[in-house]
Amino acid sequence: MSAHDTTGQSIEFKRPDGRTATGYLVEADEPLGSVVVIQEWWGVNDQIRGVAQRLAAAGFTALVPDLYRGQSTLDKEEAHHLMTGLDFADAATQDVRGAVTLLKARGAGTGKVGVTGFCMGGALTWLAMVHVPEADAGVVWYGYPPLEYIDAGKVDKPVMAHWATQDKAFDIAGVDTLEARLREAKVDYEGHRYLAHHAFANETAQGPGRIEITQYDERWAQLAWDRTMRFFGRHLAC
């Protein structure tokens, strides 16, 4: 693969329970490490594949597990239906953990593997930080599960999170509570807040077709990505 070729491929991998899962893999040309990318509620679409390609271009082999088993949508009602039908515990402990384990076995770069996710994927990233011991670091983009599902005392790896102060999907008051628990548990945590709306890093969240609570912000998105790449560089490439 050339330095500019970030074409991905569909692959199969084993979950811890022995079942087969599928995902979208993009290999870095000269990998520094690897990252599991967790989808938004839309499914594995062109936008989230683009995230994987962006990471691979920066030197991180990326794998997007297909949590919806081939389904994706542009309709918010259907997306909500797909998300509510997802078993989050199974997704985190089986699909995401299986993806992390596969990347560990492949040993790209240092062999270290991070996890990142957006919205629904952000919530699942928190669950991975608790339930996937093989993961080495995590970056959360504006998402968290019900806070009782995050046992801060079990988060033993570095985490960065990006929050939108005007987020109507994940209230910033919940972030305040979560961060207080992380501080109490002495988690290696770095949180950043942006004067932005939900999905501010999703370039498709703009124009008349966007969901009303979302809004892409190019400036904040770039800053968050710069911070993310430095974070993964520190914790996965060394």
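Trainee: Hi! What should I know about the model before we start?
Mentor: It is predicted, so local features need pLDDT of at least 70 and side-chain atom pairs count only at pLDDT 80 or more, while totals for chains, interfaces and linings use all residues. Residues are numbered from 1 along each chain as its sequence is written, and side-chain values use heavy atoms, with hydrogens and water left out.

Trainee: Thanks! How many salt bridges does the structure hold?
Mentor: There are 13. A salt bridge here is a side-chain nitrogen of Lys or Arg within 4 Å of a carboxyl oxygen of Asp or Glu.

Trainee: Can you walk me through one? Where do Arg49 and Asp46 sit?
Mentor: Both are in helix α1 (residues 46-57), and because they are three residues apart, about one helical turn separates them. Helices (H or I, at least four residues) and strands (E, at least two) are DSSP runs, numbered from the N terminus.

Trainee: And is Asp46 buried or exposed?
Mentor: Asp46 is exposed, at 60% relative accessibility, and Arg49 is partly exposed at 24%. Buried means under 20% relative accessible area, exposed over 50%, and partly exposed in between, using a 1.4 Å probe and protein chains only.

Trainee: What does Arg69 pair with?
Mentor: Arg69 meets Asp95 in a salt bridge of 3.1 Å, N to O. Arg69 lies in the loop between β4 and α2 and Asp95 in helix α3 (residues 88-106), so the pair ties together parts 26 residues apart in sequence. Asp95 is buried at 2%, whereas Arg69 is partly exposed at 41%.

Trainee: How about Arg234 and Glu190, which elements hold them?
Mentor: Their side chains meet at 3.3 Å, N to O, in another salt bridge. Helix α6 (residues 218-236) holds Arg234 and strand β8 (residues 189-194) holds Glu190, so this pair links parts 44 residues apart in sequence.

Trainee: Which residues do shared partners join into one network?
Mentor: Arg15, Asp17, Arg69, Asp90 and Asp95 are joined that way by salt bridges.

Trainee: New topic: what is going on with Asp66?
Mentor: Asp66 is buried yet has no salt bridge, and the nearest side chain of opposite charge, Arg69, is 6.0 Å away. For charge, Lys and Arg count as positive and Asp and Glu as negative, with His and the chain ends not counted. Asp66 is in the loop between β4 (60-65) and α2 (76-84).

Trainee: What does Asp66 touch, then?
Mentor: Leaving out residues up to four places away in sequence, Asp66 touches Thr22, Gly23, Gln39 and Val44. Contact means heavy atoms within 4.5 Å.
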